[in-house]
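Subject: the two-chain model

Hi,

Here is the structure I promised to pass on.

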Amino acid sequence: MELLVASGIGVLVACGVYLLLRARTYPVVLGLTLLSYGVNLFIFVMGRMAPGRPPVIDPQASAYTDPLPQALVLTAIVIGFGMTAFSVVLALRARAETGSDHVDGSADTGVAR
Amino acid sequence: MNHWIIAPIVLPAMSAAILVLLGSKLGLQRALNLAVTLGLVAINLNLAMGAADGSVGVYALGDWPAPFGIVLVLDRLSAIMLLLTSIIALASLLYALRGSDASGKYFHALFQFLLMGLNGAFLTGDFFNLFVFFEVLLIASYGLLLHGSGGPRLKAGFHYVAINLTGSALFLIGVTLLYAMTGTLNMADMALKVAAAPAGDAALIRAGALIMLVVFAIKAALLPLYFWLPDAYSVAKAPVAAMFAIMTKVGAYAVIRIYTLIFGAAAGVAADVAMPWLLPVALATMVLATVGALASGSVRVLASYLTVTSVGTIFVGIGLFTPTALSAALYYLAHSTVTISLLFLLADLIGRNRGDVRDRLTRTFPVAQPALLGWLFLLGAAAVAGVPPLSGFLGKVMLLQGAQNHAHAVWVWAVVLGSALFMLIAMARAGSMLFWHVDTDPDTARVDSGMHASRADLVPLALLIGCIVALTIWAGPAARYTAAAANDLMQPAGYIRAVLGDSPALQSFGRSAPAVVERGGQGS
C-alpha cells in the first residue's frame, strides 16, 4: 500500500515536472495540474496511512485517523482548481493576443534564445 | 485581546468585496480604496507604535487557544512590515489614481486583495495560514500584473503564474512534511516540537526546512530563482510594479521569521539549517543582479535588477545571522522597498516624457522637463546605490559593521561595496543616456504637453522621497526599532511564551540554546 501510494505520487510529480518544462502552454497547464494532484495525494498521506478509520468522533470507532491533512487537502484542492481555471484562461488569452501558444509568445524567440 | 490586530486583514477583505460589486463606478472605487488605504496607514502606524515596547500581541481567532486555533501575532518585525506595506500601497495608489487604474474594471478590488494577502502573511502565526495568505496575495498579483493586458504582459504573466504555482506546490510539500514530523502547524508550537525532535527525524525535518527555503527564495527572487522577476516587473504598469517592490520582501520576511523562530539556533537537530546557504547565495545574487543592471536596456528593467540586488543585500544581512546584521537587513529592507517603488514610478514619468521610445535607453529628443526629472533621477540613483547622506548608505554601513567579525567578512565587504559602485555606474549610464545623449535636431517629434509630469503626478514620489529623508533624519530611532526587532528574533522564547504561555517544553527550549547568547555578543 505504502509503495503503491508513494510511487503513484512519484509518477504524478515526474509527469507534472516533465510537462511543466514543455514549450507550449497547454502541456504546461496540464503539468501544473498533475503536479497539484501529486501534491494533494502527498498532503493526504502525510496524516499517515490508516485505512478504515474515521477522522471525526464516532462512538463505535476504536482509533482515528488524523483529520487535519484532510482539511488541508481540501484547501489545496480548491486553490489548485481555481488556479488551473485561471491559467487556462490566461493561456487562451495569450494565444489570442500573440497568435502563438508558445510560452515565450512565439516559437522563434524561444529558439533564438 | 487587542482587536486592532485583525483590522489590517478584515478591512481590505471587506472593502475588496465591496469594490468588486462597485464594478464600473470608477469614482466610488477610487474614493473607497483611497479611504481604506489611508485608514490602513493610520492603523498600522498605531500598531507599530504599540509594538514598540516589545510586547507581542496575540489574536486568537474565535478565541480558540493557541496550538489548536489559528493565531495572528504582532511583534516588532510584523509591525515594521505592515507599516511599510501600507506606505508603499498609498504611494502606488496615488499614482494609479492619475489614470492607469482605468484600463481595467477590477484594479481597486485586486489592489485591496493584495493588501489583505500581504498583511495576513505578515501577521499570521500559523504555517498553513501563511500558505493561504501567500496564495491570496499571489492570485491578486497575477491579476494586477496583467492589468492593462497586451502581448508582452500576457507572456511574462504566464511565466510568473507558472513559476509561482510550482512554488506553491513546493510550499505544500514542505509544510505538510513538517506537519507530519511535528504534528502541529502553529509556528511557535512547531518551534518547540522541532527543538525536542529525536535525532531519527532529523533528515525529514531538515528536508522540509530546506524545501521551504526554496519556496521563499522563489518569492524573494534569490540567485537561481530570480529569472522570472525582471520580465514580470518590467512589463507591469508603473503603480503595480511600485507595489510589487514589497512582494519580494514577503519572501525575505518569511525567511527571517521561519529560520529564526523554528529553525534558529535552538532548533536541536535542525539548528541553523538554512544558514550555510543564505550568505553565498545572497552574495552571488548581488553580483549577478548588478551585472544585469549594467546590461539593462530600459529604466524599468534596470529598476527590476536593482530590486534583485536589494534582495541580495537584505539576505546578506540575514545570512550573517548576528543581531547587528539582522537589524541592518531590516533597516535596509525598509529603505530599499521605498527606493525601488520610487524608481518604478520615476521610470514611468520619464517614459511619458519621451514619446514612443518610452524608457528605453536609446538616443532620442530631449525630455521636456530635464531639470525636474534629472534631479529626481539623481536622487533615486544616490538612494539606490547607497551614497551618503541618504538612508541606503546608513543601511549599508550598519550591514558592513555587522559583518566585521564574520569569517567571510572580506567577501561581504567586497561584494556589497563593489555592487554599490557598479549600481552607481549603471544609474549614471542610464541617466546620461536619458538626459544628455539626446538628439537636438529640431525635426524630431516632441511629445505634447499632456504627457508631462504634473504636480499631482509628483505627490506619490514626494511621499516616497519623504520616507527616505525621514529614514535618514530619524535613522537613530529607526535603527533602535530594527535592533530591538532583531534581538526579539534572536530570542524566540519571548514570541513562543506570548503565543503558548509558559510550558515545561519552553523551559528546556531556553536552556538548549546557549548559542543564542554567544551569537548575540559576537556582532555588537
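A quick term before anything else: the radius of gyration is taken over C-alpha atoms, and the rule for a globule is 2.2 Å times the number of residues to the power 0.38. With 524 residues, chain B would have a radius near 24 Å as a compact globule, and its value of 22 Å agrees with that.

Some housekeeping. This is a predicted model, in which local features need pLDDT of at least 70 and side-chain atom pairs count only at pLDDT 80 or more, while totals for chains, interfaces and linings use all residues. Residues are numbered from 1 along each chain as its sequence is written, and chains are lettered from A and ligands numbered from 1 in the order in which they are written.

Chain B overall

Chain B has 22 helices and two strands (DSSP runs numbered from the N terminus: H or I of at least four residues for helices, E of at least two for strands). Along the principal axes, its C-alpha atoms fill a box of roughly 80 × 55 × 40 Å. Buried residues make up 59% of the 524; buried is 20 or more other C-beta atoms within 10 Å of a residue's own, exposed is 12 or fewer, and partly exposed is in between, with C-beta atoms placed from the backbone.

Helix pairs in chain B

H3(B) (76–96) and H4(B) (107–123) pack at about 170° with their axes 9 Å apart (axes are lines fitted to C-alpha atoms, for helices over the stretch in contact, and angles run from 0 to 180 degrees between N-to-C directions). That makes the two roughly antiparallel (over 145 degrees; under 35 is roughly parallel, 65 to 115 roughly perpendicular and the rest oblique). The residues of this contact divide into 11 nonpolar, three polar and no charged. Here Ala, Val, Leu, Ile, Met, Phe, Trp, Tyr, Cys and Pro count as nonpolar, Asp, Glu, Lys and Arg as charged, and the others, Gly among them, as polar.

Thr85(B) sits in H3(B) and counts as buried, because it has 26 C-beta neighbours inside 10 Å. Leaving aside neighbours within four places in sequence, Thr85(B) is in contact with Leu115(B), Leu118(B), Asn119(B) and Ile246(B) (in contact: C-beta atoms, placed from the backbone, within 7 Å).

The axes of H6(B) (151–182) and H8(B) (202–220) come within 8 Å and cross at roughly 155°, so this pair is roughly antiparallel too. Their contact residues divide into 15 nonpolar, three polar and one charged.

Where the chains meet

The contact takes 27 residues from chain A and 22 from chain B. On the chain A side, H2(A) (25–45) and H3(A) (68–98) are the elements that give two or more residues, and H3(A) has the largest share, 14 residues. That side divides into 18 nonpolar, six polar and three charged residues.

Most residues other than glycine have a negative phi, and most peptide bonds are trans. Arg48(A), however, has a positive phi of about 75°; Arg48(A) is in the loop between H2 and H3 of chain A and counts as exposed, with 10 C-beta neighbours inside 10 Å. Asp272(B) has a positive phi near 50° and counts as partly exposed, with 17 such neighbours. Finally, the peptide bond from Pro388(B) to Pro389(B) is cis, with omega near 5°, and Pro389(B) lies in the loop between H15(B) (370–385) and H16(B) (391–403).

Cheers

Definitions and conventions: Contact = placed C-beta atoms within 7 Å.
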